Amino acid sequence: MSQSIANEIQIESRERRPLRLDDILMNRWFLHTVSVSLFLGLWYWTVYMGVFGRGLCYPHEVLQEIGNLMTRRLAGKGLWDHAWDSTRRVFIGFGIACALGIPLGFFMGINKYFNAFFNPIFNLIKPMPPISWVSLSILWLGIGEEPKIFIIAIGAFVPIVLNAYNGIRLIDEELYDVVRMAGGGRMKEIVEVSFPAAVPSIFAGLQISLSGAWSCVLAAELVSARSGLGFVIVQGMNSGKASMVIAGMLLIALIASLCSYGIDSLEKKICPWRREIM
């Protein structure tokens, strides 16, 4: 009750305070606008000066290319079909990585024998870049959808395991002492301390692994793909059209941002105590 009253008083004091220049300058939307404006200005200047020659085009040309892609077909598919194919592959690969990585990292953190058994294998896989698996994925799984999903899953797997493991390993021992003093056993420690304390770290791993999954889309769709945004980018490379390449990159970034926002919203629901930066 007292906390609620304090919050209301704080909100009222903010509303009554006159608008100042530093309020505008430190506003997040103002900073967002300045950041994007500077980026676009630098982009236009770089193209105007011909720094990269024909390897870079103006932003409005990228938007025109996206409009063109929406009205024509590549390999018998429209732009949104290609976008959905990439998104579907990422979701499947990311889902597999979550289903395997979260339990593996969690149990490596809470059980020393489990950790001793799996840690050497994981440390062997950890430094290998996902693109290095392309050849093996073709030999093992052929040239269908399976090798593409496999590469994406590999790219998402390592960050999930690391964050789940570190989320358990870095828990303050005093939290376990509180449960023991209350007469709780090992299962109660896991349910009431280990899992809740590790959830923020697990979500951080999900964000990183989702970025890794989208980063692997291009490598995955180099494997004899006839669809996907990676395929669109490759077609732009082959035809020397920078606008098509950047259009594919921009669409990947937009879809990945929406997915990241979804995970962030889920984290706010599950972890309401998470501290906001701004």
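This section describes the overall fold of a predicted model, the packing of its helices, and the surroundings of a few individual residues.

The predicted protein has a mean pLDDT of 83, and 88% of its residues reach 70 or more. The protein contains 12 helices and zero strands, so that, read from the N terminus on, the order of its elements is α-α-α-α-α-α-α-α-α-α-α-α. Of the 278 residues, 38% count as buried. When contacts between residues at least 6 apart in sequence are considered, 68% of these contacts join residues that are at least 24 apart.

An unreviewed UniProt entry carries the annotation "transmembrane region" for residues 29–46, 90–109, 121–143, 149–168, 189–206 and 245–263. In the model, the annotated stretch 29–46 is 100% helix and 0% strand, and the C-alpha atoms at its ends lie 26 Å apart. The stretch 90–109 is likewise 100% helix and 0% strand, with a separation of 27 Å between its end C-alpha atoms.

The packing of helices can be described in geometric terms, since two packed helices are characterised by the angle between their axes and the distance between the axes. Helix α10 (residues 186–220) packs with helix α9 (residues 173–181) at an angle of about 130°, the two axes being 10 Å apart. At this angle, α9 is oblique to α10, and the crossing of the two helices is right-handed. On the α9 side the contact is made by Leu 175, Tyr 176, Val 179 and Arg 180, while α10 contributes Arg 186, Lys 188, Glu 189, Val 193 and Ser 194.

Helix α10 also packs with α5, in this case at an angle of about 145° and with the axes 9 Å apart; this crossing, too, is right-handed. The residues of α5 that take part are Ser 86, Thr 87, Val 90, Phe 94, Cys 98, Ile 102, Phe 106 and Ile 110. They meet a set of residues in α10 that includes Arg 186, Ile 190, Ser 194, Phe 195, Ile 202 and Leu 206, as well as Ser 209, Leu 210, Ala 213, Trp 214 and Val 217.

Apart from residues up to four places away in sequence, Cys 271 touches Val 199, Pro 200 and Phe 203.

His 60 counts as partly exposed because its relative accessibility is 35%. Between the C-alpha atoms of His 60 and Tyr 44, which are 16 residues apart along the chain, the separation is 9.6 Å.

Key. Residues are numbered from 1 along each chain as its sequence is written. This is a predicted model: local features need pLDDT of at least 70, side-chain atom pairs count only at pLDDT 80 or more; totals for chains, interfaces and linings use all residues. Side-chain values use heavy atoms; hydrogens and water are left out. pLDDT is the predictor's confidence in each residue, from 0 to 100. Buried means under 20% relative accessible area, exposed over 50%, partly exposed in between (1.4 Å probe, protein chains only). UniProt positions are given in the numbering used here, feature names are shortened, and annotations may be inferred rather than shown by experiment. Helices (H or I, at least four residues) and strands (E, at least two) are DSSP runs, numbered from the N terminus. Axes are lines fitted to C-alpha atoms, for helices over the stretch in contact, and angles run from 0 to 180 degrees between N-to-C directions. Angles under 35 degrees count as roughly parallel, over 145 as roughly antiparallel, 65 to 115 as roughly perpendicular and the rest as oblique. A crossing is left-handed if the near helix is turned anticlockwise from the far one by less than a right angle, and right-handed if clockwise. Contact means heavy atoms within 4.5 Å.
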